[in-house]
Amino acid sequence: MATKFDFYSDEFQLDPARKFTEMQEKCPFHHSEKFDWYSVFRYKDIAAIVRDTETYSARFGPGPDRAKPEDAPVLVSADPPLHSKQKKAITAAFNPQTIAAMEPDIRAFVSRRLDAMVEMEECDLMEEIANQLPMWVICRMLDIPFDRDYEKLLGWVDAIAGGVFSDHDEEMHQNRIDMMEAVYNYFGPHIQAKIDQDKAGEDPGDDLLSLIAKARIEGEPVPFNHILSFALFLLVAGSGTTTTLIGDFFHRMMAHPDQWQKLLANPALLDPAIEEVLRIDSPVHGLFRTNNVPVQLGDLEVPVDSKICLMWGSANLDPEIFDDPLEFDITRDAKILRKHLSFGTGIHACIGGPLARLECKIVVEEFLKRFDGIERTGPMVPYPYPTLHGPYKLPVRLTARKEG
């Protein structure tokens with residue numbers, strides 16, 4: 001009897017670890033007859049596919065729906081050599097020196113938010129800090145106003161991210177179409193102004209969009225629609241996954257007070273604690289590749305141009321790589337921990353991973369300066385769509401640190 005796997009089911013979405021374990025053992029390669037896409041669950045198989053960029057392509061997009069030929073491929077949906085050229089165009093915005101230079105301003109923003117939270121007896125941790133910080137960072141990188149547009153941008157992230165794995169939800173699909181016109185009208189003039197400055201020989205700035213406007217790929221400027229795709233991708237990828245990481249960190253620590261106490265006793269464990277949260281709670285279950293030729297996955301014969309989901313979250317729980325993979329343990333060996341695939345691997349490894357880690361680290365460091373305790377006041381509410389995995393709402397009561 002075939003092992004059942006329904007990506008959109010509550011059984012999976014509410015307890016992915018249990019299902020991942022079952023699939024690794026009983027059905028490491030799965031074909032969904034309903035949606036006609038394939039899933040891969042074991043670490044070694046996923047790593048092999050990622051390395052083989054000639055057989056497996058990213059060009060049809062990271063989700064189950066097939067990207068259209070006219071869609072502009074950007075980073076996660078670009079193959080070599082275009083991917084390498086795109087990555088080179090934005091490397092300056094994500095190099096260690098640039099990220100280190102952002103730390104004081106990130107810390108100042110976090111401090112303002114947490115100081116406000118000291119005055120709150122109860123709050124939604126996602127609303128007060130986990131949603132706001134990553135969006136503030138991305139707004140700064142894209143040179144757009146956070147204070148004025150935060151709520152609007154947050155709604156767009158939900159619409160764009162939710163549309164990636166929509167289960168053919170017509171209402172969600174229509175909302176995404178309606179939203180895209182608003183996004184175009186918002187980013188379009190902003191991007192065009194930077195392109196015009198560059199054409200006029202002026203320097204549009206050192207923000208991310210300006211770097212792309214100034215970049216040349218094979219001697220040609222980056223087209224407008226590609227810059228727009230960059231902006232949308234970075235808006236969603238840069239905010240959504242980091243938001244989920246911050247929420248997951250506190251969600252896990254409240255569920256495992258013994259690990260929280262270890263961190264309090266030894267703050268040097270913060271870096272491995274962040275990696276362990278990423279390992280056990282991958283912000284994204286997985287992303288897709290498309291095979292350029294017919295392939296064999298286990299007993300499955302996979303026709304050319306099939307959608308194949310690489311389940312990062314399952315690879316992170318593979319017992320061949322991680323001992324007792326279902327155990328949350330912040331004292332794991334750092335070298336082993338860094339093998340997790342939550343930020344991808346290979347040429348498509350997330351360029352923003354170090355920045356996401358820094359944001360989470362600063363939040364925890366500043367939190368510990370102000371609070372002695374955190375406890376739930378209600379259940380964690382998961383994301384209302386399956387693209388992101390983690391808390392959407394996290395109601396808590398905070399115990400402020402007593403002065404003196």
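**Close-up 1. Helix 5 lies across strand 4, strand 11 and strand 14.** In this predicted model, helix 5 runs at about 70° to strand 11. Such angles run from 0 to 180 degrees between N-to-C directions, with axes being lines fitted to C-alpha atoms, for helices over the stretch in contact. Helices (H or I, at least four residues) and strands (E, at least two) are DSSP runs, numbered from the N terminus. Helix 11 (residues 224-255) also packs on the sheet, where it touches strand 11 and strand 14; contact means heavy atoms within 4.5 Å. The direction of helix 11 makes about 85° with that of strand 11.

Two notes apply to every view. Residues are numbered from 1 along each chain as its sequence is written, and side-chain values use heavy atoms, with hydrogens and water left out. Because the model is predicted, local features need pLDDT of at least 70 and side-chain atom pairs count only at pLDDT 80 or more, while totals for chains, interfaces and linings use all residues.

**Close-up 2. Three strands form an open sheet in the order 4-14-11.** The pairing is antiparallel; two strands pair if DSSP finds at least two bridges between them. Strand 4 (122-124) and strand 11 (371-376) are the edge strands, each pairing on one side only. On average, neighbouring strands here are turned by 35° against each other, direction ignored. Look for the three bridges that join strand 4 to strand 14 (residues 395-400): Cys 123 has Val 396 as its bridge partner in strand 14.

**Close-up 3. Leu 398 sits in strand 14.** Leu 398 is buried, at 9% relative accessible area. Here, buried means under 20% relative accessible area, exposed over 50%, and partly exposed in between (1.4 Å probe, protein chains only). Not counting residues up to four places away in sequence, Leu 398 touches several residues, among them Met 117, Cys 123, Phe 367 and Ile 374.

**Close-up 4. Helix 5 (residues 96-118) bends by about 35° at Glu 103.** The bend at a residue is the angle between axes fitted to the seven residues ending there and the seven starting there. A proline, Pro 104, follows within four residues. From first C-alpha to last, the 23 residues of helix 5 reach 32 Å, close to the 33 Å expected at 1.5 Å a residue; the expected span is 1.5 Å times one less than the number of residues. Buried residues of helix 5 include Ile 99, Ile 106, Phe 109 and Met 117.

**Close-up 5. The largest nonpolar core has 108 residues.** A nonpolar core is a set of buried Ala, Val, Leu, Ile, Met, Phe, Trp, Tyr and Cys residues joined through side-chain atoms within 4.5 Å. Ile 106, Leu 133, Phe 187, Phe 249 and Phe 250 have the most contacts inside this core. Helix 11 gives the most to it, with 14 residues. Leaving aside neighbours within four places in sequence, Phe 249 is in contact with residues including Trp 260, Leu 270 and Cys 360.

Close-up 6. Leu 75 is not a glycine, yet its phi is positive, about 50°. Leu 75 is also buried, with a relative accessible area of 7%. Further along, a cis peptide bond joins Pro 80 and Pro 81, with omega about 0°.
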